[in-house]
Amino acid sequence: MTTPDTQRPRAGSRILRTALRRNVGAMAWGTVLMGMYQAAETAFPIALGLIVEHTMQDRSLGALAVSIGALAVIITTVSLSWRFGMRILQKANTTEAHRWRVQVAACGLQPVARDVDLKSGEVLTIATEDADQTADIIEVVPLLISSLVAVLVAAVALGLADIRLGLLVIAGTVAILSILAVMSKRIGASTREQQARVARAGAKVADLITGLRPLHGFGGNHAAFLSYRKVSTEAKHQAITVARVNGAYAGTALALNAVLAAAVTLTAGWLAFGGVITIGELVMAVGLAQFIMEPLKMFSEMPKYVMIARASAERMSLVLSAPPVTAPGPERPAVGGDLVVDCVRYGSLHELKFEVPAGEFVAIAVYQPRAAADLASVLAVNVPPHAYEGTVRVGGQAIGDLSVEAVREHLLVNPYDAEIFAGTLRTNIDPSGTSRTVPEAVEASMLTDVVALHREGLDYGVRDRGANLSGGQRQRLSLARALAADTEMLVLHDPTTAVDAVTEQLIARNVAKLRRGRTTVVITSSPALLDAADRVLVLDDGVITAQDTHRNLLATDEDYCLAVAR
């Protein structure tokens, strides 16, 4: 049996191979141009050596002019090849990072959740930092090849002067890369741990922002801060560890490169002193020894970036390779059908059974808040059908046989804590821009006063999570969005808990009027909504214990009266 630890590297490598395959053309052109850049850079000290060797001997103005022209060509090649090569590679890098960000975001937004043990804050980190670092492989490979070109050109040029100089460069390069390859593995392991801890800290921030108001309400903000400081400190310590490893790597690489350059310089000087090479060849060797440090530095840094890219790709594979929580069916519900909950057992629900005929407005009075949340989760398909006993049928079809997209087109469940997004009132009410009932939804949800309060009307800007709206305004905005969707079946979970009693009465009447003839279920303890419903179901201890109109239940059921009377 294959363990997860052996599966993830393969998944990460597959992501890197995909990124490389999709950018073969850009990488090929980038490699050619960057190779020209490195070759021209290498040619500069070679040209200086030749100038010293021939021009100074001939002492000819023509030879000097040709030499100056050759240097101008080399400098122009260096400038243009670098500019256009990096432009091609960075464009490909940015485009590839965008592709992975979109893909990770698409996985997070799919109707069927993926079976991955990550919080939204961690997924956000993966979709940003890890996507960027994975795409860096697009630049790393061409730069690695071009640096190799520079080293080989330098080795060949020095070898033509004296074979010992060429062999020294090749042997030194192999030794440097062997040492640094071992060190890069430590960087990869440390980077993976750092990315995981930073992601956990990001997830903690997202959780704290979501619950900031309740935390202030009961004085839990200090404890929450201490909790965040703990995970943040862990991330900081790991970042320091990674910085130390990177520093040791960079210092070792620089020292080894300097040692090689010094060895080439001293060897060339010794050979020139012995008359084995000429003065021009000595100038070339000294120039190449100075120049070769830069491509060697770049060449020696590439294994580190490869390990970082691989670590990021492995983290992305946690999201992209995760299987869906459930496999949705291919069927679609029949139009105008009933909503049937048949003997469902899940969480606090015990053999729950009820039916809502098409076009009926039903309210469910739930005595235990946990049962309300469990029922809303089951109907919203947030709980896969195999995770509970019993059956939920929509339009005559079991939810497990329906595609999730089809269920949500037919049956919309609006949670009590629905998110408000940065944008405008209009884009929050009608995100797709296709609803024909926005004015009616605004009026039914009593959001008209919010619209009238601002001269921009529905185009009034809304901050992230509705930070510039009150609790009641956010709740009414969420209700307006649910009503504007105009689905055949609508389930509302506590849609009026943050509004005053007068507004609640108006909303109840408006919702009943707007939804007349379409199936509507409201999970609530609001007397106004219970009174507006055609029928009230009493959910107590996980089962339906009574059903009647609100007023009949008030007159005959003492427990119901105590539970809902305000």
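Predicted model: local features only at pLDDT ≥ 70, side-chain atom pairs only at ≥ 80, totals over all residues.
Okay, let's start with Val383, which sits in the loop between helix H11 (369-379) and strand E4. Helices here are DSSP runs of H or I with at least four residues and strands are E runs of at least two, numbered from the N terminus.

Residues are numbered from 1 along each chain as its sequence is written, and side-chain values use heavy atoms, with hydrogens and water left out.

Is Val383 buried or exposed? Val383 is buried, at 6% relative accessible area. For these labels, buried is under 20% relative accessible area, exposed is over 50%, and partly exposed is in between, with a 1.4 Å probe and protein chains only. If you skip the neighbours within four places in sequence, Val383 is in contact with Tyr346, Ser377, Val378 and Tyr388; contact means heavy atoms within 4.5 Å. Take Tyr346 from that list: Val383 is 37 residues away from it in sequence, and the C-alpha atoms are 9.2 Å apart.

Now strand E1, residues 339-346. Cys343 is in that strand, and its phi is positive, about 55°, although Cys343 is not a glycine. Cys343 counts as partly exposed, at 29% relative accessibility. There's another one for your backbone checks: Asp541, also not a glycine, has a positive phi of about 55°. Asp541 is in the loop between strand E11 (535-540) and strand E12 (543-548), and at 56% relative accessibility it counts as exposed.

Next, salt bridges. How many does the structure hold? The count is 16, where a salt bridge is a side-chain nitrogen of Lys or Arg within 4 Å of a carboxyl oxygen of Asp or Glu. Let me walk through a few.

Arg101 and Asp132 meet through their side chains at 2.5 Å, N to O. Arg101 is in helix H3 (residues 61-109) and Asp132 in helix H4 (residues 120-135), so this pair ties together parts that are 31 residues apart in sequence. Both ends are partly exposed: Arg101 has 27% relative accessible area, and Asp132 is at 35%.

Then there's Arg345 with Glu389, at 3.9 Å, N to O. This one links distant parts of the chain, with Arg345 in strand E1 and Glu389 in strand E4 (residues 389-394), 44 residues apart. Arg345 counts as partly exposed, at 34% relative accessibility.

And Arg476 pairs with Asp449, the closest N and O atoms being 2.9 Å apart. Arg476 lies in helix H16 and Asp449 in helix H15 (residues 448-453), so parts that are 27 residues apart in sequence are tied together. Arg476 counts as buried at 10% relative accessibility, whereas Asp449 counts as partly exposed at 43%. There's also a network: Arg22, Glu96 and Arg99 are joined by salt bridges that share partners.

Okay, helix H17, residues 501-514. It has 14 residues, and at 1.5 Å a residue that should span 20 Å; the end C-alpha atoms are 20 Å apart, which agrees. The expected span is 1.5 Å times one less than the number of residues. Which residues of H17 are buried? They are Thr503, Glu504, Ile507, Ala508, Val511 and Ala512. Looking down the axis of H17, these buried residues fall within an arc of 160°, so they line one face of the helix; the arc is taken over directions from the helix axis to the C-beta atoms. The background is simple: an α-helix has 3.6 residues a turn, so residues three or four places apart point the same way. On the face of H17 turned away from the buried side, you get the exposed residues Val502, Arg509 and Lys513. As for what the buried residues of H17 pack against, the partners are strand E3 (361-366), helix H14 (438-444), helix H16 (471-485), strand E9 (489-493) and helix H18 (527-532).

Last item, the surface. Phe44, Leu48, Ile75, Ile279 and Val283 make a nonpolar patch of about 400 Å². Helix H2 (24-58) and helix H9 (279-291) are the elements giving two or more residues to that patch. Patch residues have over 30% relative accessible area and no salt bridge, with like charges joined within 9 Å and nonpolar side chains (Val, Leu, Ile, Met, Phe, Trp, Tyr) within 5 Å. The areas are Shrake-Rupley with a 1.4 Å probe, and for residues only the protein chains shown count as cover. Phe44 is in helix H2 and counts as partly exposed, at 30% relative accessibility.
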